[in-house]
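Dear colleague,

Please find the structure below, together with its sequence.

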Amino acid sequence: MSEQIVIVGFGPVAARLVDELLPAVRSGRVRLTVVGAEAEAAYNRVLVADLGVGRTTADALALADAAELAAQGVDVRLGVRVKRVDRARQQVLLADGTPLPYDRLVFATGSRPVIPNLTGINPDPSTPVLPAGVTALRDLRDADVLRKAVQGGKRVVVLGGGVLGLETALAAAEEGATVTVVHNGPHPLGRSIDRGGGAVLAAGLRRCGVRVAGNARSTGVEHSGPDGGFSALLLDDGSAIDGDLLVISCGVRPRTELAEGCGLPTGTGILVDHRLRAHHEPHIFAIGDCAEVRCPDPGCARCRHAKGPSGLVGPGWRQAEWLGGYLTLLAEGAAAEAELLPALPPEQPGIVVLKARGLNMAVAGDNSADPWDEETLTAGAAAGRARLQVSQWADPEHGRYVKMTTRGGVLEGLVAVGMPRTAAELVGLFERGAELPADRSLLLRLDGPDQLAGTAAVDPAGTLCRCAGVSGAAITAAVSAGCATVADVSKATRAGTGCGGCHEDIKGLIEEHFSPAFP
């Protein structure tokens, strides 16, 4: 007897779960239905901005082929919305009233963009109405809107100073648009980066042709452009920033309304335990941006300081891979063996990486302490625990800044702007929990004039693609086996199918391998 599994949502995380379940589908142990609200099968949403500025194609973004999945036995329903979930009858009700029974249900509904409450925009958070010339840059149609603006050399206003907004701004500016980034707070990436690094980052943006308006609170949009389109972003000081296109990049919020509608507990996201099961509901699971791993045991040490969904594709992919194995065992009738699987390991602290042409930055951990902040440095230093130490170096004139926050010689936080080799080494040390050299200046010399120009050296043992968890050695092996392009490597290893930040490193390994053949 096969199990009926229904996946609600068909984004990158759902696509990975489908891949993991395909062997069970082909063997007949699982009957799988995927319901996607968009007309397209799963694609890499993180790179929609690259599509909008003409640096990639829709085909290159594709992560699944609906026709191919259907040929393998998967029931793929695109452009279909779910009305509600009936837990008592174990069925999903589609918008047209069609019931889909399930033995196991997986929410992979992802997240929606946060739309600020601005005059001129419908404030309903679930169904905001964006006027002409305003986009949240989340889907392929949004990419078309950006492409037209960039190709026409229009004025683009980016609202939000997060990494995706900055990457969009840098790419659009380089491709010919006039770009202004508007953000609240003294510097971009205000929640991730310290004051010094933020100041150097803002200066770097300006050098790359991006205007930056900081400490700005937006109040509304003016749409007196052609055909009633966007014409200006209004600020609380009475000023306005004129433009032809407004790109809203103010973060995302998990889609939890379906789960809430059927009575599942939610916090920031749908609450699941360490096996990704919804609380008190063994037949329902959640993964990706909509899932918040926080088990119902109030005494769980792991959950005491747990945060909500990370918003990153890498953790979602790891959840999908784990859940695929778990659901396969359940479908095989091996429930006891499934329960013996080690629980999904907790995610490591996130690393924010910005790799743009002319600007490189890496940020991780808590980097807020200053070298002279004695109270902060000594906080937590008790019972033999070392105090915090901060090493800081800045060269604002040349757009360089490094900060290393350590405890017992091990990094707890880092900032590196304009220092790609130093950043790569620090990120590797941070991920491994390795101790830094006593002379911190040795790390700064990695970007010195005596080093070879170009991108940072790749550590073969280290993780090159953090989204997919692929090492430099695995990519080198794929190149040696004949992969000659980034697309080839991505198909063979999945590296580069997430945020795209590793594309240049992959290119470097390909060029290094093939360069002897072209003297």
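Gln-90 is placed in the loop between strand E4 (82-86) and strand E5 (91-94); helices (H or I, at least four residues) and strands (E, at least two) are DSSP runs, numbered from the N terminus. This is a predicted model, in which local features need pLDDT of at least 70, side-chain atom pairs count only at pLDDT 80 or more, and totals for chains, interfaces and linings use all residues. Residues are numbered from 1 along each chain as its sequence is written, and side-chain values use heavy atoms, with hydrogens and water left out.

Backbone and loops

Although Gln-90 is not a glycine, its phi is positive, at about 50°. Most residues other than glycine have a negative phi. With a relative accessible area of 23%, Gln-90 is partly exposed; buried means under 20% relative accessible area, exposed over 50%, and partly exposed in between (1.4 Å probe, protein chains only).

Leu-137 is not a glycine and has a positive phi of about 55°. This residue lies in the loop between strand E9 (134-135) and helix H5 (140-151). Leu-137 counts as buried because its relative accessibility is 11%.

Ala-216 is in the loop between strand E12 (210-213) and strand E13 (218-222), and at 10% relative accessibility Ala-216 counts as buried. Leaving aside neighbours within four places in sequence, Ala-216 is in contact (heavy atoms within 4.5 Å) with Val-182, His-183, Asn-184 and Leu-235. Its C-alpha atom is 8.4 Å from that of Asp-237, a residue 21 places away in sequence.

Nonpolar cores

A nonpolar core is a set of buried Ala, Val, Leu, Ile, Met, Phe, Trp, Tyr and Cys residues joined through side-chain atoms within 4.5 Å. The largest has 75 residues, and those with the most contacts inside it are Ile-7, Leu-32, Phe-107 and Leu-323. Helix H10 (residues 313-331) supplies the largest share of this core, 10 residues. A second, separate core has 40 residues, among them Tyr-43, Val-179, Leu-205 and Val-212. Not counting residues up to four places away in sequence, Leu-323 touches Leu-17, Val-106, Arg-275, Leu-276, Phe-285 and Ile-287.

Helix packing

Helix H1 (residues 12-26) and H10 have axes that come within 8 Å and cross at roughly 25°; axes are lines fitted to C-alpha atoms, for helices over the stretch in contact, and angles run from 0 to 180 degrees between N-to-C directions. H1 and H10 are therefore roughly parallel to each other, where angles under 35 degrees count as roughly parallel, over 145 as roughly antiparallel, 65 to 115 as roughly perpendicular and the rest as oblique. The residues of the contact of H1 with H10 divide into 10 nonpolar, 3 polar and 3 charged; Ala, Val, Leu, Ile, Met, Phe, Trp, Tyr, Cys and Pro count as nonpolar, Asp, Glu, Lys and Arg as charged, and the others, Gly among them, as polar.

Helix H15 (residues 472-480) packs against helix H16 (residues 486-493) at an angle of about 115°, with the axes 10 Å apart. That makes H15 roughly perpendicular to H16. In this contact, Ala-474, Ile-475, Ala-478 and Val-479 of H15 meet Val-489, Ala-492 and Thr-493 of H16. By class, the contact of H15 with H16 has 6 nonpolar, 1 polar and no charged residues.

Yours sincerely
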